Amino acid sequence: MNISAMSEEVLLQIFSNIPFPSLSQAMLVSTMWRRLAQYPRLWEKFTLKITKKNVDNFQSMMNLPIFSRMQSIDIVPNVLDSTGNVETASQILKAITSSFIRKLYIGGNDLSMIQPQDLARTLSRLEVVHAHCTNLTKIQIELLLNSCEKKQKLRTFQCLHSR
């Protein structure tokens, strides 16, 4: 059977089993493959990696259809720090709160500058949070733990360091 003769359903099934680089390359094959490869459900299994190079584009990335159902974000260490832009950190938290994100890897980032209520609101709605070495304040930790206790949603919270 010629691959171009396959139904869209079959191609979607194939696309759902290929790794990120291959799915990205599949979008370049044809107009039909691009349309199919951009189906948001195909992208929900991947982790969006936020670095210093792309942090300023985070909001626009989250507005792209392919990222609309993504469930995992990794903010690499030192992207958010105490000398950084508090507004950027707040925008990231707001975008996460209003998305399908369920897992957040945020370890190695200084979160001490984020308003405790904003941090608690965002992190408590997630299922998994890896937040080691984040320099949380005592107030942030208290609000976060109280919020999580009430909602019973946070399953994994690793290694909080307070100052």
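1. In this predicted model, D118 has a relative accessible area of 25% and is therefore partly exposed. Its partner in a salt bridge is R121, with the closest N and O atoms 3.1 Å apart. R121 is likewise classed as partly exposed, at 46% relative accessibility. Both residues belong to helix α7, where 3 residues, about one turn of the helix, separate D118 from R121.

2. Helix α7 spans residues 116-123, and its buried residues are P116, L119, A120, T122 and L123. Viewed down the axis of α7, these buried residues fall within an arc of 170 degrees, so they line one face of the helix. An α-helix has 3.6 residues a turn, so residues three or four places apart point the same way.

3. The whole structure contains 4 salt bridges. One of them joins the side chains of E8 and R35, at 2.5 Å from N to O. This pair links distant parts of the chain, since E8 lies in helix α1 (residues 8-15) and R35 in helix α3, 27 residues apart. Both partners count as partly exposed: E8 has 31% relative accessibility, and R35 has 47%.

4. A further salt bridge brings together the side chains of R41 and E44, with an N to O distance of 3.9 Å. As the cut-off is 4 Å, this pair qualifies as a salt bridge. R41 is partly exposed, its relative accessible area being 43%.

5. Strand β1 (residues 47-50) presents L48 and I50 on a covered face, whereas T47 and K49 lie on an uncovered one. In a regular strand the side chains alternate between the two faces of the sheet. Strand β1 runs parallel to strand β2 (residues 72-75), to which 4 bridges join it. Within β2, I73 is the bridge partner of L48.

6. The largest nonpolar core has 46 residues, of which F15, L48, I50, F58, I73, I75 and L80 touch the most other members. Helix α6 (residues 86-97) supplies the largest share of this core, 5 residues. Apart from neighbours within four places in sequence, I75 is in contact with I50, L80, I92, L104, Y105, I106, G107 and N109.

7. Q38 is located in the loop between α3 (31-37) and α4 (40-43). At 29% relative accessibility, this residue counts as partly exposed. Beyond neighbours within four places in sequence, Q38 is in contact with M27, W43 and I66. Q38 and S24, 14 residues apart in sequence, have a C-alpha to C-alpha separation of 8.9 Å.

How values were computed: Residues are numbered from 1 along each chain as its sequence is written. This is a predicted model: local features need pLDDT of at least 70, side-chain atom pairs count only at pLDDT 80 or more; totals for chains, interfaces and linings use all residues. Side-chain values use heavy atoms; hydrogens and water are left out. A nonpolar core is a set of buried Ala, Val, Leu, Ile, Met, Phe, Trp, Tyr and Cys residues joined through side-chain atoms within 4.5 Å. Buried means under 20% relative accessible area, exposed over 50%, partly exposed in between (1.4 Å probe, protein chains only). Helices (H or I, at least four residues) and strands (E, at least two) are DSSP runs, numbered from the N terminus. Contact means heavy atoms within 4.5 Å. Two strands pair if DSSP finds at least two bridges between them. The arc is that of the directions from the helix axis to the C-beta atoms.
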